[in-house]
Amino acid sequence: MFCIVPFTAITQASQPIAGYNYSAGRPDRIRFAMRYTMLFSLIASLIPLILCELAPKALASIIATDGEVINNSIPALRWTAAAFPFLFLPSAVGILLQSTGKKIIAALLFAESFAFIPPFAFLFGYFIGAAHVWIAFPVAGAAASAVAAVVLIAVWKRIGRTPTVESAI
């Protein structure tokens with residue numbers, strides 16, 4: 001959970017920028033802010049992935065001291081870390097929707113990454129085996145990102161048609 005804090009903070013910090021510019025009728029600034037939000041969030045999510053891939057034993061040994069527990073936790077750590085690059089997009093799109101007044105859809109996007117995990121974990125556990133349940137994390141993240149990407153495309157088009165304050169006068 002500590003690994004998602006940096007990109008969650010980045011996306012949360014972009015919310016007022018997107019909201020103010022949405023109210024001001026400046027879709028160009030919203031797009032600019034969201035592009036950089038997504039770029040920096042992606043970078044912030046890749047760093048823990050790289051650390052978990054390069055030094056999983058060292059990271060697992062922070063929590064456990066038993067060698068068998070450490071060795072058994074390495075695949076779980078790697079599979080869980082593989083989900084990190086997918087988790088920033090639903091968060092960023094959720095913030096964009098929250099900024100533009102679409103609170104219900106935003107809440108669904110925030111929760112969808114975690115909502116996809118149980119069904120995928122069940123499917124992988126049932127068909128592949130309990131040892132492969134961890135694959136559900138990156139698959140659920142990829143599914144959530146795919147949904148978020150479709151929503152982002154729709155929102156991106158709608159933001160460009162937002163009436164400005166000047167055009168209303």
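Predicted model: local features only at pLDDT ≥ 70, side-chain atom pairs only at ≥ 80, totals over all residues.
Local features need pLDDT of at least 70 and side-chain atom pairs count only at pLDDT 80 or more, while totals for chains, interfaces and linings use all residues. Residues are numbered from 1 along each chain as its sequence is written, and side-chain values use heavy atoms, with hydrogens and water left out.

**Exercise 1.** Determine whether Ser-91 is buried or exposed, and what Ser-91 contacts.

Solution. Ser-91 is part of helix H5, residues 84–99 (helices are DSSP runs of H or I, at least four residues, numbered from the N terminus). The relative accessibility of Ser-91 is 9%, so Ser-91 counts as buried (buried is under 20% relative accessible area, exposed over 50%, partly exposed in between, with a 1.4 Å probe and protein chains only). Apart from neighbours within four places in sequence, Ser-91 is in contact with Thr-11 and Phe-110 (contact means heavy atoms within 4.5 Å). Gln-12 is 79 residues from Ser-91 along the chain, yet their C-alpha atoms are separated by 8.5 Å.

**Exercise 2.** Describe how H6 and H7 pack.

Solution. Helix H6 spans residues 103–115 and helix H7 residues 117–127. Their axes (lines fitted to C-alpha atoms over the stretch in contact, with angles from 0 to 180 degrees between N-to-C directions) are 6 Å apart at an angle of about 15°. H6 and H7 are therefore roughly parallel (angles under 35 degrees). Ser-113, Phe-114 and Ala-115 in H6 meet Ile-117, Pro-118 and Pro-119 in H7.

Methods:
Helix = DSSP H or I, 4+ residues; strand = E, 2+ residues; numbered from the N terminus. Parallel < 35°, antiparallel > 145°, perpendicular 65-115°, else oblique.
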